[in-house]
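Here are my notes on the model you sent. They are set out as numbered points, to be read alongside the coordinates.

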Amino acid sequence: MIVRIVGFFAGLAFVSALFVAFVMPREKGEVAASVLFHAEPEPVHFSFDNPIWGKYDPAQLQRGFQVYQEVCSACHSMKLVAFRDLEQIGFTKPEVKAIAKQWKTEVPTFDEKTGDAKTRKAIAADYIPSPFPNETAARAANNNALPPDMSDLAKSREGGAAYIHALITGYRDQVGYKNEKGQELLKMYPDAKTPPGLHFNPYFANLNIAMPPPLTADGQVTYADGTKATVNQMSTDVSAFLMWAAEPKLENRHRTGIAVVIFLIIATLLAYGSYQTIWRDKKH
Ligand code: HEC
């Protein structure tokens with residue numbers, strides 16, 4: 001009995017604490033600067049958006065790969081994607097071979113006779129190598145931040161491809177941000193000022209990102225298919241490519257979904273039909 005009473009009051013205490021925490025008004029100035037400055041990614045139209053018939057556009061994925069190859073791969077690895085996987089986005093076998101052979105970073109290996117470490121040119125079966133030999137070197141080159149591996153980046157961030165697009169095109173001048181409100185906000189929160197070596201980006205969770213703006217000028221890459229390489233276009237293409245890398249089987253998943261729905265419809269009709277047949281002459 002006594003245990004029940006004690007339990008009841010303990011529960012009551014918890015509930016009241018929760019209630020107070022939710023209902024108590026926040027003091028002015030208590031909202032973090034990262035909330036006030038933060039921006040939600042704007043929606044971007046992608047060919048694979050639709051959950052039923054959304055499909056990747058191979059031409060776009062190839063352009064996105066080109067942006068990754070020429071720009072992002074200087075810092076970001078893609079350890080779960082092998083060169084030969086690129087055949088899935090429309091590159092031919094000889095093209096994939098050539099891409100691997102010309103890759104800027106060679107693959108680490110060792111000398112069979114001496115055991116010394118050395119590197120060799122990549123082949124189609126290799127995974128896309130990291131541009132840095134290890135994490136320490138990667139951090140040393142990037143203001144102590146680690147460029148994340150890109151294999152599943154589009155799936156591991158809220159907002160996915162649209163977030164990546166917003167982030168890449170979202171570098172702003174901190175003071176002028178939000179119609180000069182930046183200045184006001186900075187007066188309220190002097191600590192929120194972007195430290196040297198970091199870059200203000202309202203789409204990044206803590207607003208100050210160590211990655212310098214990677215796409216800065218139209219025509220930074222020259223697309224083989226003649227598409228005009230505006231910053232917006234390059235950023236959309238590379239975001240689509242990263243989505244493919246993170247979920248190469250998206251189209252299969254959509255197709256399976258349709259098949260399952262059709263199966264369920266047929267199964268329902270059959271079940272209804274047999275119910276009607278079994279009970280046809282019975283009074284019920
Ligand atoms: C000069 C090196 C460099 C290049 C080039 C570069 N990045 Fe980065 N990137 C970084 C670093 C460093 C971070 C980690 C930033 C941090 O944690 O502050 C990062 C982080 C990211 C993130 C993760 C942000 C998050 O939410 O954690 C994305 C997405 C990204 N980069 C996309 C790209 C794309 C796309 C390209 C090519 C168009 C690119 N990066 C080129 C260095 C680079």
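**Notes on the predicted model**

1. Strand 2 (residues 107-110) and strand 3 (residues 117-120) run antiparallel and are joined by four bridges. The model is a predicted one, and this pairing should be read as part of that prediction.

2. Within this pair, A117 of strand 3 stands opposite F110. Six residues lie between the two strands of the hairpin, and G115 has a positive phi near 80°.

3. The chain contains 10 helices and six strands. One of the helices, helix 7 (residues 160-169), matters for the next point: with three residues, helix 7 gives the most to the shell around the ligand.

4. Which residues are closest to the ligand? They are C72, C75, A210, M211 and P214, out of 22 residues that surround the ligand. By class, 19 residues of the shell are nonpolar, two are polar and one is charged.

5. On overall dimensions, the radius of gyration of the protein chain is 27 Å, whereas a compact globule of 284 residues would have one near 19 Å. Taken along the principal axes, the box filled by the C-alpha atoms is roughly 80 × 70 × 50 Å.

6. Buried residues make up 24% of the 284 residues in the protein chain. As for contacts between residues at least 6 apart in sequence, 66% join residues at least 24 apart.

Definitions and conventions:
Residues are numbered from 1 along each chain as its sequence is written. This is a predicted model: local features need pLDDT of at least 70, side-chain atom pairs count only at pLDDT 80 or more; totals for chains, interfaces and linings use all residues. Two strands pair if DSSP finds at least two bridges between them. A residue is near a molecule or strand if its C-beta atom, placed from the backbone, lies within 6 Å of it. Ala, Val, Leu, Ile, Met, Phe, Trp, Tyr, Cys and Pro count as nonpolar, Asp, Glu, Lys and Arg as charged, and the others, Gly among them, as polar. The radius of gyration is taken over C-alpha atoms; the globule rule is 2.2 Å times the number of residues to the power 0.38. A residue is buried if 20 or more other C-beta atoms lie within 10 Å of its own, exposed if 12 or fewer, and partly exposed in between; C-beta atoms are placed from the backbone. Two residues are in contact if their C-beta atoms, placed from the backbone, lie within 7 Å.
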